[in-house]
Amino acid sequence: MSANQYDAIVVGARCAGSPVAMLLARKGYKVLAVDRATFPSDTISTHLIHPQGMTALRKWGLYDAVAGTNCPPIDTYAFDFGPVTITGSPGTPEERVSYSPRRTVLDKILVDAAANAGAEIREAFTVEEIVADDGRVTGIRGHDRGGTTVTERARVVIGADGRHSTVARAVKPQQYNERPEVESSYYSYWSDLPMNGRSENFIRGDRGFAAWPTNDGLTLLIMGWPISQFEENRKDIEGTFMKGLELAPEFAERVRNAKREHRFVGAKVPNYFRKPFGAGWALVGDAGYNKDFITAQGISDAFRDAELCSNALHEWFSGGRDFDTVMGEYQKTRDEQVLPTFGFTLQIASFEPPPPEQQALMAAMVGNQEAMDGFVRTFAGATSPAEFFSEENVQRIFAAAGR
Ligand SMILES: Cc1cc2nc3c(=O)[nH]c(=O)nc-3n(C[C@H](O)[C@H](O)[C@H](O)COP(=O)(O)OP(=O)(O)OC[C@H]3O[C@@H](n4cnc5c(N)ncnc54)[C@H](O)[C@@H]3O)c2cc1C
């Protein structure tokens, strides 16, 4: 038993957990962050961070640490639909590029930043139980690598423990906007597949595949298909993958001339929103909200949650405002920011052919750089789909194309 009393205990110390621990520690709070993993370590993710996520890293003083690893900037996303290709910039004048640092690299930078800010970090510590008194969460119980059971207490326990969150399982938050898995994807890393600062995306029938550069001269290549094909295709991942690439023969040739350096890794994920707070607890990152990874926004979403949640808790800790009010504002802001992208992401992940009017819009965009940049920024989460696909913007694009 430990007699420590923390302001906050954070369960999980990756993209959501380390930043929320760091931000609270920087405000002077006593924070413990625990993770069953040790760092550096890998986790399933294709780790593309759009410019919006890079903005958070810049604000936190971590941009150079991430950009300074041997991970090249990505300034262009190309979406090759077969008949048309939309090529644009995901960035804004302030934040021009994306990066895709390996999680071994990124998560280590984040966890070190939390430690440097004064948070106590306990790696190889597994939380088994959430401790509650009179219906209010008051701490965690878990064990270290040696198996010693420890109980720690805090004013708030923050679940940053991902899709299989122990905290969420214990507190049973209200779930809404739930959708089952829509697609499944597999990825691996190739050497000798140069990308020249580009993310290339191919959409061909019920296959979508994409490639972009990461650390150590490697290129990540991911392919997805509808969830209905999950069981059949998992019997032969490599065969399915290589056959799918043939739908874009020039790209397939480039991959054949490259060398795969890792095993294939795959995932399918459910889609949900969870109420991210209750008596003595909060949720950030995938523990509180998850959508299909096809638009690669989970890391940027986790960064946004860390910022919103730490600000809300600061308002409560500092005595100014009531917990339910500030955390209600956190939930409202999160939901308003992600809801439009949630629907857009699930539409893409369905691999259904776009309706004819959307196909016409794509064709009208070709050659119109402003429109193509707008589409790419929508994919990257910087522009709301509601804004990009508004009647007014669509008419403007058609008019510019003389239609
Ligand atoms: C195939 C795939 C591809 C993806 N690609 C991208 C992409 O390109 N770009 C992007 O932005 N997002 C991507 N995502 C999503 C992104 O990876 C997640 O949104 C992000 O990792 C969420 O961070 P998190 O900190 O909430 O959770 P996680 O990264 O899952 O971290 C949770 C941590 O909690 C710890 N933990 C869990 N339970 C316990 C416990 N009981 N005790 C102690 N520790 C515990 C785990 O060890 C883990 O370290 C992808 C996801 C998948 C599945």
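Which polar backbone atom lies 3.2 Å from an oxygen atom of the ligand? The polar backbone atom belongs to His47.

## The model

This is a predicted model: local features need pLDDT of at least 70, side-chain atom pairs count only at pLDDT 80 or more, and totals for chains, interfaces and linings use all residues. Residues are numbered from 1 along each chain as its sequence is written, and side-chain values use heavy atoms, with hydrogens and water left out.

## The ligand

The ligand is surrounded by 29 residues (each with a heavy atom within 4 Å of it). The closest are Arg14, Asp35, Thr46, Asp286 and Ile299.

Arg14 places a polar side-chain atom 2.8 Å from a ligand oxygen. In the side chain of Thr46, an N or O atom is 2.6 Å from a ligand nitrogen. Taken alone, the ligand exposes 1000 Å² (Shrake-Rupley method, 1.4 Å probe). The protein buries 94% of that.

## Helix H8

Helices are DSSP runs of H or I, at least four residues; strands are runs of E, at least two; both are numbered from the N terminus. H8 spans residues 249-256, and its buried residues are Phe251, Ala252 and Val255 (buried: under 20% relative accessible area; exposed: over 50%; 1.4 Å probe, protein chains only). They cover an arc of only 105 degrees around the axis, so they sit on the same side of H8. The arc uses directions from the helix axis to the C-beta atoms.

The face turned away from the buried side carries exposed Pro249 and Glu250. The buried residues pack against strands S10, S11, S12 and S13 and helix H7 (heavy atoms within 4.5 Å).

Note on methods:
A polar contact is a pair of N or O atoms within 3.5 Å; within protein, one must be able to donate a hydrogen and the other to accept it, and residues adjacent in sequence count only if both atoms are side-chain atoms.
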